[in-house]
Amino acid sequence: MQRNSSIEEVDSALKLFELENNILPLNQCDEEIYCFDEEVRAQQLEEAPWKSNPHYFRKVEISSVALVKMVMHARSGDNIEVMGLMLGKVIGNTMVVLDAFALPVEGSETRVNAQDDSYAYMVGYLERSQATGQKEPVIGWYHSHPGYGCWLSGIDVATQALHQVHEDPFLAVVIDPKRTMSAGKVDLGAFRTLPEDHTSGSAGVDGRRIVETDGYQSVPLSKIEDFGVHSAKYYPLDVSYFKSTLDQRLMERLWRKHWIKTLTQSPLITNSEFTTQMVNEIADKIDTFNRDSKKGVAYNQILSESDAIAQEIAQGHKSQELKQRLFCKAQGIPNTNFP
Amino acid sequence: MATWNLSTAVIHPLVLLNVSEHTTRVLALTKAGKSGVSPFVCGALLGRQTENRFEAFMTFEFLYEEASDNTSATINPGHFTQRLGQMEEVFPDNTFIGWYAVNTDTKITPAIAKIHEQLIREHPSALLMVFDAALADGTVENSTTQGRSFSLPISIYETRPPERVDSRKLRWYLSKDTPMTTDGGYYVGASANRVGEAQDDSVWASQLAPIQVQLDSGEAERVAVEHVQYVARPTNVDMLTNTRSDAPLVSLNASRMATFLVSLRNALEMLDRDIALLKTYVGEVISGKAVFDPEVLQLVQRVLSNRPVVLDDEFFDLATSQEETNFQLATYLASVTSVAGAVRDLSQRSNTALRRGRNKHAPYVNPVQNDGMFAWGPSMGGIMSAFGARSHFGRGHG
């Protein structure tokens, strides 16, 4: 009896649901970006400026949550390619990726292909997202290239071109989880294909050839042909990342706990397998190069690869050395065994 | 501190980022008047449970229906089952372990408790995570919140088995200002006395007890989170306009090594800060300014006793020196490769220059006599154009 009356009394307590008054204010940009407007979208689709200019989209903005989701999903696949879709919108010539979700596709080791049942999954998933107020449409797909860099293969180009015909605006994102871990830096590329009749020469007009914007883009020997044949059929977009005001506050807190991970994880141990693989790869490439230098292996590519791997090992070693000096030698007794 | 609890909840950063994104989106939609529902943010936690260790990896959002009087919410079971099925299809290792609700502190409100009552009917072990979206900033608020700002903005509660509870303790239902029972605990599932039971002042109820929270992340997740921390920029006007922002990002031009060392330095800075904090505390305890807390001091003791374990271990030293050798070998190989590359480059260029010179019966020009091998001075340029090969050579060195 007492309880029933208490529940009625509490009705006004639902005011606590009304977070907006107490929560830290969103800034104007947060609102613009996180609020989806169907009218704006309809208008964009009608104008479709990307149809007349194949290089219309220049920039990609990826939200923190989408980034972490994609990287984790790519990593969970290990040596298997995984794929998923991204939700987002278009602002001017920028494609904004707000969220991402995984698709139940078991890729083979070298390619992914969306099947019919994954299409059914996508429809079901989107329906649920819409129901909870996440109204953004699919703005592209992502998949992983475990260990062989961010670029589009022939099949990827075909898939992407098909989507750009039927579902534009559409974006392709490639993540390399192995390099991400090896270099301690997110390895991600965003691409759009050029139409069939587009001459490859103009891809370089504004200086954005497919070559690495980010140091190096090494492609394994087995895939060099695939890479070379199709590299003129698409162009990369500038990728940047953003976080909301709330994300930023949260990250400040998170970082107070999270830094421990930076110190405890050793890149040398987690990446040993990948490092070995890379060294083997370099050796193979040098072999091929010595035998036949016209096979598409450029020596400067081998150079940048060996540099990169040496740098990664150096990074891992530096962190070990630092830890050793800090935690094992802090008492001021120099260890003579160590050079 | 009421009861010592053995359960632990391990939270991955993605969970917190998801909740943050959910909150931001709901608020943005509400402000723009497009949502039509009250901004109550709640969803499921997915992860694994091994004995009493709960690990949450990801989330999905609840669909809920509000009662007509706007007072209570009911989780839509159809949406729940479908979404759970979808997530489990892609991430088969994860299952429903609990749910989250967003509040402006980490306390449970009666409304949250009511939803929790619904959920534990089907999932008796469901956890409840309350996310503090106000994120009171320690620097702005008074100094008492300083300590709190170090902690994560969440509390996680588990449901205890029902026990007899003095119904006077449940009076927190009555007052919205102090949504807490008299002994500081939260109770759900209070049921009326069964027939035949003594009609005293107690009822059956389950206590919601806070449990320990830890933060964990996989290697790839750590890299991604660090990326969010240091590379991702807060939303700004640039994003909405079409002009490309030319403001350089901090890490854009820095080498990978520099980026890596900066992230290490940041971590060490935090370590230093925490050690300084402990040192100050211990100092103040000694001088009698701070309260003596045996629990904290025991933790300090434990850290100190762990430290010298690897101080004089020859195997460790051996492993380190092996690693050192590996590292030097790799660097050496890389330099050998680049030297080989440079030599090849040099020989190719000089070969081309010399071969052309001889074939055309031109006077032999020692390239070093001019401004050095690679400085294509006017004289070299002149020779090249004489051979009609200027365009070919000029490309690489212009």
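Q: Two residues are in contact if their C-beta atoms, placed from the backbone, lie within 7 Å. With this rule, which residues of H10(A) meet residues of H1(B)?
A: In this predicted model, Leu246(A), Asp247(A), Leu250(A), Leu254(A) and His258(A) of H10(A) meet H1(B). On the side of H1(B), the partners are Pro13(B), Leu16(B), Leu17(B), Ser20(B), Thr23(B) and Thr24(B). By class, six residues of this contact are nonpolar, four polar and one charged.

Q: How are residues and chains labelled, and what limits apply to a predicted model?
A: Residues are numbered from 1 along each chain as its sequence is written, while chains are lettered from A and ligands numbered from 1 in the order in which they are written. As the model is predicted, local features need pLDDT of at least 70 and side-chain atom pairs count only at pLDDT 80 or more, whereas totals for chains, interfaces and linings use all residues.

Q: How many helices and strands does each chain have?
A: Both terms refer to DSSP runs numbered from the N terminus (helices: H or I, at least four residues; strands: E, at least two). Chain A has 13 helices and seven strands. Chain B has ten helices and 13 strands.

Q: At what angle do H10(A) and H1(B) pack?
A: Two packed helices are described by the angle between their axes and the distance between the axes. Axes are lines fitted to C-alpha atoms, for helices over the stretch in contact, and angles run from 0 to 180 degrees between N-to-C directions. Here H10(A) and helix H1 (residues 13–31) of chain B pack at about 165°, with their axes 10 Å apart. H10(A) and H1(B) are therefore roughly antiparallel to each other. The scale is: under 35 degrees roughly parallel, over 145 roughly antiparallel, 65 to 115 roughly perpendicular, and the rest oblique.

Q: Which helices of chain A pack against H4(B)?
A: H10(A) and H5(A) are described here. Helix H10 (residues 245–264) of chain A packs against helix H4 (residues 219–230) of chain B at an angle of about 140°, with the axes 11 Å apart. That angle makes H10(A) oblique to H4(B). The contact involves Met251(A), Trp255(A), His258(A), Lys261(A) and Thr262(A) of H10(A), together with Arg222(B), Val225(B), Glu226(B), Val228(B) and Gln229(B) of H4(B). These residues divide into four nonpolar, three polar and three charged.
For helix H5 (residues 64–76) of chain A, the axis comes within 9 Å of that of H4(B) and crosses it at roughly 160°. H5(A) and H4(B) are therefore roughly antiparallel to each other. On the H5(A) side, the contact is made by Ser64(A), Leu67(A), Val68(A), Val71(A), Met72(A) and Arg75(A). On the H4(B) side stand Ala220(B), Glu221(B), Ala224(B), Val225(B), His227(B) and Val228(B). Eight residues of this contact are nonpolar, two polar and two charged.

Q: Is Lys323(A) buried, partly exposed or exposed?
A: A residue is buried if 20 or more other C-beta atoms lie within 10 Å of its own, exposed if 12 or fewer, and partly exposed in between; C-beta atoms are placed from the backbone. Lys323(A) belongs to helix H13 (residues 299–328) of chain A. Lys323(A) counts as partly exposed because it has 17 C-beta neighbours inside 10 Å. Its C-alpha atom is 29 Å from that of Ser76(A), which is 247 residues apart from Lys323(A) along the chain.

Q: What percentage of the residues of each chain is buried?
A: In chain A, 45% of the 339 residues count as buried. In chain B, buried residues make up 31% of 398.

Q: What are the corresponding values for chain B and for the complex?
A: Chain B averages a pLDDT of 71, with 64% of the residues at 70 or above. For residues 242–253 of chain B the pLDDT stays under 50, and over residues 367–398 of chain B it is below 50. The predictor gives the complex an ipTM of 0.77 and a pTM of 0.75.

Notes
pLDDT is the predictor's confidence in each residue, from 0 to 100. Ala, Val, Leu, Ile, Met, Phe, Trp, Tyr, Cys and Pro count as nonpolar, Asp, Glu, Lys and Arg as charged, and the others, Gly among them, as polar.
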